[in-house]
Amino acid sequence: MGDAMGGGSVWLEILIFAMVAAFFIYRLRNVLGRKHGEERERPNPFTPRDNNGATGPTVEGDNVIQLPGRGPAADMPDLPDPSGPVSLEDGLRLIRAADPNFNERTFLQGAKAAFEMIVKAYAEGDTPTLRPLLADDVYDRFAAAIRDRQAAGETLDSRIHSFEAVDLSAARLDGRTAHCTITFTTRQTHVTRDADGNIVDGDEARPEEVVDIWTFSRNTRASDPNWHLSETRSGG
């Protein structure tokens, strides 16, 4: 009888410890391991949105990996040689073959949104916004220019008043990496002020036409749909 009671006591203690452990695991998962819907993620301009503004995959079956000789790439047997210069259309065909989810219209919409975000973030010195949108070397140049401006006590007010044109001017595939070049023709004002608020450069009342030629790049094998600004230059 005593042995039976002793054994029952042991099992009761084990049960109590198990319940306590389960309670702490539950609390830890609530605190550390689950999203509660209040996290704020920076918007990805290259993620397509539905009519309600929600993000989603470009096409149905986004997680399906195509087998060699199957899917959209198999429908394009006469792909150009990517090792040399290619036309815009041939470059787009190569990118679509490497990434069946690539959609030119969605890409242009995302690139335009990214252009606005980058111009605004650069003027405001907002490096956390710039970081995920820029390739490493481009980010380093932007960040250095921001630091120089801040060290001089200057501020920059950049405004895009209108988009005159957003043209996809070049596309190519380099190994697994897709590169798309866009020519943005906009009317902008850029006003630099010193520490006292005096304008030292620019005229906020006179928007000027600006031609920016930006190249965005993306590893077509990556699950991240985001493209990164990898090169910038100004048009004539």
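Reader: How many aromatic pairs are there in this chain, by the rule for such pairs?

Author: The count comes to 10 aromatic pairs, where the rule is that rings of Phe, Tyr and Trp (its six-membered ring) pair if their centres lie within 6.5 Å, and planes under 30 degrees apart count as stacked, over 60 as edge-to-face and the rest as tilted. Please keep in mind that this is a predicted model, in which local features need pLDDT of at least 70 and side-chain atom pairs count only at pLDDT 80 or more, whereas totals for chains, interfaces and linings use all residues. Residues are numbered from 1 along each chain as its sequence is written, and side-chain values use heavy atoms, with hydrogens and water left out.

Reader: Why is the pair of Phe115 and Trp214 called tilted?

Author: The ring centres of Phe115 and Trp214 are 4.6 Å apart and their planes stand at 50°, so the pair is tilted. Helices (H or I, at least four residues) and strands (E, at least two) are DSSP runs, numbered from the N terminus.

Reader: What makes Phe115 count as buried?

Author: Buried means under 20% relative accessible area, while exposed means over 50% and partly exposed in between (1.4 Å probe, protein chains only). Phe115 has 0% relative accessibility and therefore counts as buried, and Trp214, at 6%, counts as buried too.

Reader: What kind of aromatic pair do Phe184 and Trp214 form?

Author: Phe184 and Trp214 form an edge-to-face pair, with 5.9 Å from centre to centre and 70° between the planes. This pair also links distant parts of the chain, since Phe184 is in strand E2 (residues 177-193) and Trp214 in strand E4, 30 residues apart. Phe115, Phe184 and Trp214 are among the members of one aromatic cluster, which also includes Phe102, Phe107, Phe163, Phe216 and Trp227.

Reader: Where does the charged end of Arg131 sit?

Author: The charged end of Arg131 sits over the ring of Tyr139, 4.2 Å from its centre; the rule asks that NZ of Lys or CZ of Arg be within 6 Å of the ring centre and within 35 degrees of the ring normal. Arg149 lies over the face of Tyr122 in turn, at 5.0 Å from the ring centre.

Reader: Which residues of H5 are buried?

Author: In H5 the buried residues are Val138, Tyr139, Phe142, Ala143, Ile146 and Arg149. Seen down the axis of H5, these buried residues fall within an arc of 125°, so they line one face of the helix, the arc being that of the directions from the helix axis to the C-beta atoms. On the other side of H5, Asp136, Arg147, Asp148 and Ala151 are exposed.

Reader: What do the buried residues of H5 pack against?

Author: The partners are helix H3 (104-124), helix H4 (127-130), strand E1 (155-174) and strand E5 (228-234), with contact meaning heavy atoms within 4.5 Å.

Reader: Why does Ser217 count as buried?

Author: Ser217 has 9% relative accessibility and therefore counts as buried; its place is in strand E4. Its side chain makes a polar contact with the side chain of His179 at 2.6 Å, and another with that of Ser230 at 2.7 Å. A polar contact is a pair of N or O atoms within 3.5 Å, where within protein one must be able to donate a hydrogen and the other to accept it, and residues adjacent in sequence count only if both atoms are side-chain atoms.

Reader: Why is Leu168 called buried?

Author: Leu168 has a relative accessible area of 10%, so Leu168 is buried, and this residue lies in strand E1. Leu168 and Leu88 are 80 residues apart in sequence, yet 8.3 Å apart in space, C-alpha to C-alpha. Leaving aside neighbours within four places in sequence, Leu168 is in contact with several residues, including Leu88, Phe107 and Cys180.

Reader: What do the helices and strands of the chain come to?

Author: The chain has five helices and five strands, which run α-α-α-α-α-β-β-β-β-β from the N terminus on. Of its 236 residues, 29% count as buried.
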